[in-house]
Amino acid sequence: MPSLWKRITFSVASALCVGSVALLVVALSTERWVIGRILCKTGVDIVNASSPEMDQFIGDIYYGLFQGGKTKRCGLGNRRSKIYFPKLVQTLNGGLHMMVILFLLVAVGFALVSLSFSIYNARKVPYQSIKGHKGLYLWNFIALFGALGVLCFLAAVKHHRLTERVANHGENLFVLEVLDNSLDWSFWLGVGSVGTHFVVCGVVAMSRIKLPKPEIKKPEEPTISALDLLY
């Protein structure tokens with residue numbers, strides 16, 4: 001049976017692993033990885049819009065790893081449409097996009113492995129080193145593949161003009177120009193999950209600290225002298 005300190009630290013590590021999995025699942029399933037503003041360039045050119053009139057042609061866009069949406073304003077009112085990434089594979093850098101999803105799924109899988117090993121160490125003392133601290137370091141290191149997924153997505157946005165490609169997909173009459181885009185909260189959930197595994201490694205390292213055991217003083221036995229025996 002592990003000591004109280006080890007049970008506490010591995011229980012904290014288990015809770016952190018659960019948090020990491022939850023962050024990644026929410027990040028994968030939501031549509032707020034990127035938000036931005038898009039300008040209907042065709043509409044502006046047709047009416048030769050001046051600066052005060054530009055706001056009438058500015059819409060917005062948001063998307064995640066699997067779907068998103070956009071609102072374009074080309075002088076005909078707001079036109080909302082959904083974006084589904086399976087239909088965008090030929091337009092996007094499909095290999096890079098699949099790498100992002102694959103790395104994040106690997107991170108989810110090994111975060112679950114790390115969770116199971118943390119629970120095991122909180123309940124038992126492992127006989128094999130791979131089931132103990134070394135194994136936990138290994139599984140959390142592999143779970144950091146989520147960082148590669150985040151970096152690949154960042155590269156797609158910054159260097160492969162992902163937002164512009166997504167905005168103009170399926171547009172035959174209008175050309176949409178991206179005014180600005182920024183990473184939204186779904187992306188930062190993925191970053192938070194990566195940071196969680198560094199914290200887990202720190203907690204696992206803390207579990208190896210040996211706390212001093214409190215000394216239990218034995219009650220002093222009464223001394224009987226020869227004088228006491230006379231009485």
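Which residues line the largest cavity?

Modeller: This is a predicted model, in which local features need pLDDT of at least 70 and side-chain atom pairs pLDDT 80 or more, while totals for chains, interfaces and linings use all residues. Residues are numbered from 1 along each chain, and side-chain values use heavy atoms, without hydrogens or water.

The lining of the largest cavity is made up of Leu92, Asn93, Leu96, His97, Val100, Phe153, Ala156, His160, Leu162 and Arg165. A cavity is a set of 1 Å grid points where a 1.4 Å probe fits but cannot get out, and lining residues have an atom within 4 Å of a point. Helix H3, helix H5 (145–159) and helix H6 each give two or more residues to this lining. H3 provides the largest share, three residues. Helices are DSSP runs of H or I with at least four residues, and strands are runs of E with at least two. The largest cavity holds about 70 Å³ of space, and one cavity of 30 Å³ or more is counted.

H6 (162–168) also leads on to the next part of the picture, since the loop between H6 and strand S5 holds glutamate 171. There the side chain of glutamate 171 meets that of lysine 70 in a salt bridge, at 2.9 Å from N to O (a side-chain nitrogen of Lys or Arg within 4 Å of a carboxyl oxygen of Asp or Glu). Glutamate 171 also forms a salt bridge with lysine 72, at 2.8 Å from N to O. This second pair joins the loop between H6 and S5 to strand S3, across 99 residues of sequence. Together Lys70, Lys72 and Glu171 form a network of salt bridges. Lysine 70 and glutamate 171 are both buried (under 20% relative accessible area; exposed is over 50%, partly exposed in between, with a 1.4 Å probe and protein chains only). Glutamate 171 has a relative accessible area of 17%, and lysine 72, which is buried too, has 16%.

Strand S3 (residues 67–73) pairs with strand S4 (residues 78–84) in the antiparallel sense, over seven bridges; pairing requires at least two bridges found by DSSP. Opposite lysine 72 stands arginine 79 of S4. Four residues lie between the two strands of the hairpin, and in the turn glycine 75 has a positive phi of about 85 degrees.

The search of the whole structure finds five salt bridges. One of them joins the side chains of arginine 37 and aspartate 180, at 2.9 Å from N to O. Arginine 37 is in strand S1 (residues 34–40) and aspartate 180 in S5 (residues 176–183), so this pair ties together parts 143 residues apart in sequence. Arginine 37 is partly exposed, at 39% relative accessibility; aspartate 180 is partly exposed at 32%.

The buried residues of H1 include Phe10, Cys17, Val21 and Leu24. H1 (residues 4–29) has 26 residues and reaches 38 Å from its first C-alpha to its last, close to the expected 38 Å, which is 1.5 Å times one less than its number of residues.

Methods: 1 Å grid on protein atoms, 1.4 Å probe; cavity = no way out; pocket = protein on both sides within 12 Å on 5 of 7 lines; lining within 4 Å. Points joined across faces, edges and corners; volume = space filled by probe spheres on them.
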